[in-house]
Amino acid sequence: MMYFISDVQGLALCLLQAVILLAAAPLITGIVKKVKALLQNRIGSSIFQEYYDIKKWWGKPTMVTPYTSALFRLAPCVYFVTTLAAACMLPNFFGGRAGFGDVFVFVYILALGRFFMAVSSMDAATAFGGMGGSREVYVAAFVEPVIMLAVLSNVLHTGSTSLSGMSLRFDEVNLTVAGVLTCIAFFLVLLAENSRIPVDNPDTHLELTMIHECMTLEYSGRLLALIHWASQLKLLVFLLLFSMLYLPLDLPVVLKVLLSAVAVGVVETLNNKMRLFKVRVYLAAAGLMLLLAVVAQ
Amino acid sequence: MECFLLAAACFGVGILTLLFPHSLQRYAHWLANGAALIGSGITAYKAWTLLAGASVVPLAWGSYSWVCDSWSAVFLLLTGIAGVITSLYALGYAQSYEGSRMRLLGGMWNLFLLSMILVLLAGDAFSFLLFWEIMAVASFMLVNHESEKRSTWTAAYQYLVMTSVGTAAIMIAFLLTGSASSNFSFAAMADNKLDILWQHVVFACAFSGFALKAGLVPLHVWLPNAHPAAPSHVSALMSGVMLKIAFYGFGRFMFSFLPVWNYWWCVIVMVVGAVSAFLGVLYAQMENDIKRILAYSSVENMGVIFAAFGCGMLLKVLAGGSWYYLGFVAALVHAFNHSIMKVLMFMSAGSIMHGTGSKNIELFGGLAKKMPYTALFTFVGSMALAAIPLTNGFTGEWLVLQSFITLISANSAQITRLWAALCFVLLGFTGALALGCFVRLFGISFLGRARSELVEHAHESDKFMLAAMGLSSALVLICGIYPLPVVQAVCAALKLDNEFAVQGFSLAWAGSGSLSVFNPLLLLLLVAVISAAVYLFTNNIFVEQNVTWNCGTYPTERQQYSATGFSKPVRRAFDYLLKPKRQVSYMRKDHAYFGRQLSYKLEIPDMITEKLYQPVQKHFVGISTFLRRMQQGSVRLYVSYVMATMVLVLVWGALYK
Amino acid sequence: MEYLVVSLMFIVFLQTRFMELRRATLCLAVQSALIAAACLVVGLSHGGGLHGWLPGILTIAVKVLFIPYAILRTVQGLRDEREIVSDINVNYSTAVAACSLALGYMVIDGLLPQAEGRDILATSMFMIMTGLTLIVMRSRAIMQMIGLITMENGIYLLGLIMTEGLPLIIELGIFLDVLIAVVILVILTSRLRLSFRTTDTNVLDKLKG
């Protein structure tokens, strides 16, 4: 029981960290959008625009169709909750104990969020919803094994599947072939998981270019605010993971996160969204790179 | 052993209800299912006390014996719990079989449960094979219960033939092992003196026999046909328990009779398991019949169990040390969890069938409004089968993944790492595809709008069915949040010292270097705290109801996604594996400028059946037809065969004296 | 004894040449009489008494009198057959019989060199083979029956020679004859006649699976 109580204390610290990340997440997305705008020769909106958007949606009423069930209102909350829980599992700034935050639990709790979102996409009985859901599970079918492989190469390096354990061991600069391959591959996976170009276009609402947006097309008001905030938090979480565990540069974490956010913006501008069935090739390439990295170790 | 005899007596009473007259069939139904309930309950209780440290005196007469050791105890617990749940369900469900051989259903149900328990208790080869065959026959009778339909009896016949082939292989394995030991009891066969070549043969026979019964690719073809044909509670028990009994048999062979393992055996088991898992879930996502989806999902989960077992075997063979057993713990925990999950899902499939009268998910949609409790329980079951945290499906998955990580990071050869990494990737695919499969199953059936008028007349299930489903959902959630009793029971079963560190309420594993911890209770606490916060914020949002914007038109129910459409991206992604056959034909044209009527037919043939079974079948039939020429029907010809043989023998004897 | 053997060989050769049912039956009777005589000789040479005479008397009663009588009775009822059946040419049967005699001698020399009663052993082998030949090469049920009984006579003879004294096996052989004669002969032939109006067993290959 003593362990449990000190676990709870550690949990409170993690929760605090997660709330800080939650507050910072819209800023990072704003930075990405600003980078894209500047590269496209526009001024673009300010980097704090996401905060204003969330505040705007928060105040608006929510509209639901009469065909939905209680799941419709539950799903964004669950998505938000699971993303926040995943953020709690990140290695602690405060040097918390390595007792919480196993990487498989991390991946699968994000899968819990994805499950609820995909199920809720079928709730409104529209064609867009089903399309979003089916594409989302298709992309997930390829993304998850590749994330597992990335995890695997990391685990082989550090010897445990605990996230804090992994970050504690990652202090040396890892410029080996395996390290570089893993870094690039995880970046590709990051883009896929967070619905960025080249896998999905987070800015438009056109049928051709939606996967994540498609699932959430029916949402409005506070639920939509929760979904967007959760997506931004997920991006930040993945960028943090990338910076802490894969990027082989010797900078403080905050700088690495900003650098990777800029990199995301640059990659999004330079590429276009690929056809849906090329995504498997893309992710298979990432997977092969990781497999090579695993074998090379 | 007295407890088990008492349970057997309960089942015996249930079997005797076969003899009730037709007018008393309702009483027969209540008595039979009640007896099954009590018998399973006694079994589960006794197995639980066994795992907690009690021991059981074996019962022997002559060279036959009933023995219950710890490996049996886990499976007895599993059988007992699943038996309790499904018998409770059957109390409500089987009422719809009134007038259609209800007494046979009740009696055979008890016989099936009894034979499974006796297989687990058997202490020598003959008892094992006897009760195995009784189990096969009882399950055949149950699968063939609605034998008026052609699909039912063809499926049952296929099942019977295949299970006989499996039993033949197992029999060969037992006989070979037994002939190399003093007698046929398991204790004696444990010190057998088989030499290496015969050990390979025994492994091959035992693995193919038990893999056939467990439903691993490529011997799984009976599963997707037999499970939809059977009544739902029977499918639940078959999927939930009978497949695990095959795993029990395989484990007994590996642990007791073949104690020294060859490296390639382990790799074969692991790879076959991983491939079954992947192919199983891939085909699951392509099916439209609820029960076929669940049957393929059983193939998938048995694949995961065997892959984990193979991983454990490899760990033991290669690495030694004291942490090799993780694979076995993972396999057993996943087996236990899967039986509860699968039983829940089959019961919900039965509820849907009971309420709507169909199994085709393309005809459903919006059932959540008509059957809210069933929807809730099915949702819990879908979450569990998709290995979502906080349900017990994830505990097994976590342990399996940890065992693979341990294998890869153990100092083993590069080729082993490659095998293990490939299996790991396949398991990753499996997890993700399972998520998609169950999103599809739940979403298409229960959410959205009705796709046909079957939904209008749907009704909720009765209280027994709901109680059973509720009980298993509760178990799913409880075992997901507090997995320690199950894991500790499994460790006790494998007779391991508790190297699973018990820190509070978490599962901790130190095998692959440093500590990995999984603490579901903490997770639950976290989720609860955050949910409370979210609830506070979204409680009083202003909600307005209006019809979906559909570009100006009124949305119809045909505009929502169909089940086939939902799985299309995955189907197209794995085109080269599935090889779907499409047929589009142009039927007529109503208008000069637009409005053609097309007919579209999509069929996904089972590749294993087409590429493996049918050529073999054709070959056999061809050879048999050729050999049939020997049988012309003329007695004189046959006598001449005898004469020719006799002359030959005599001449041979004379010449080579 | 040698005379018995030679005349037995001759009779069996003659048996293969008869196609008519009555003559074949009479030949069978003669053959069985010779066998019975052999039985009497053996019985008397191993000490007399009732035990020596009885098998011979029984053999005469069953094989010489009862069975040919039963066959003749059945043949009488066969007047309304459908057609004249065609058997394989008798010369072939005789040729095969000759070969089987040679084979019999060869086998006996190979298996049991320096055996007493070499001729009798070879004759019994010859009779067995010829009986089988008759079954294979004749298509009428009665003729096949005659072949069967010939084969049994051969086995009986073999048993007589191989065993010391006249054990129970001889009596059992006699009773087996009765069984075959009554059950198979009468029942098969009459059923065939009722169903197909012929006793040509070639009609039975309609029954193949």
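Predicted model: local features only at pLDDT ≥ 70, side-chain atom pairs only at ≥ 80, totals over all residues.
Residues are numbered from 1 along each chain as its sequence is written, and chains are lettered from A and ligands numbered from 1 in the order in which they are written. Local features need pLDDT of at least 70 and side-chain atom pairs count only at pLDDT 80 or more, while totals for chains, interfaces and linings use all residues.

Biologist: What radius of gyration does chain B have, and what would a compact globule have?

Modeller: The radius of gyration is taken over C-alpha atoms, and the globule rule is 2.2 Å times the number of residues to the power 0.38. The C-alpha atoms of chain B fill a box of roughly 105 × 70 × 65 Å along the principal axes. For 657 residues the rule gives a value near 26 Å, which agrees with the 27 Å of chain B.

Biologist: What separates the centres of domain 1 and domain 3 of chain B?

Modeller: Domain bounds come from an automatic or database domain assignment. In chain B, domain 1 covers 1-192 + 210-252, domain 2 covers 261-535 and domain 3 covers 607-655. Taken over C-alpha atoms, the separation between the centres of domain 1 and domain 3 is 39 Å.

Biologist: Which element supplies the largest share of the side of chain A that touches chain B?

Modeller: Residues are in contact if their C-beta atoms, placed from the backbone, lie within 7 Å; the contact takes 71 residues from chain A and 74 from chain B. Helices (H or I, at least four residues) and strands (E, at least two) are DSSP runs, numbered from the N terminus. The elements of chain A that each supply at least two residues include α1 (2-39) and α5 (127-158). The largest share, 17 residues, comes from α5(A).

Biologist: Which residue of β6(B) is the bridge partner of Met63(A)?

Modeller: Two strands pair if DSSP finds at least two bridges between them. β1(A) and β6(B), residues 543-545, pair in the parallel sense over three bridges. Within β6(B), the partner of Met63(A) is Glu544(B).

Biologist: How are α2(C) and α3(C) oriented to each other?

Modeller: Axes are lines fitted to C-alpha atoms, for helices over the stretch in contact, and angles run from 0 to 180 degrees between N-to-C directions. The axes of α2 (residues 21-45) and α3 (residues 50-76) of chain C come within 8 Å and cross at roughly 175 degrees. Angles over 145 degrees count as roughly antiparallel. Therefore the orientation of α2(C) and α3(C) is roughly antiparallel.

Key: Parallel < 35°, antiparallel > 145°, perpendicular 65-115°, else oblique. Contact = placed C-beta atoms within 7 Å.
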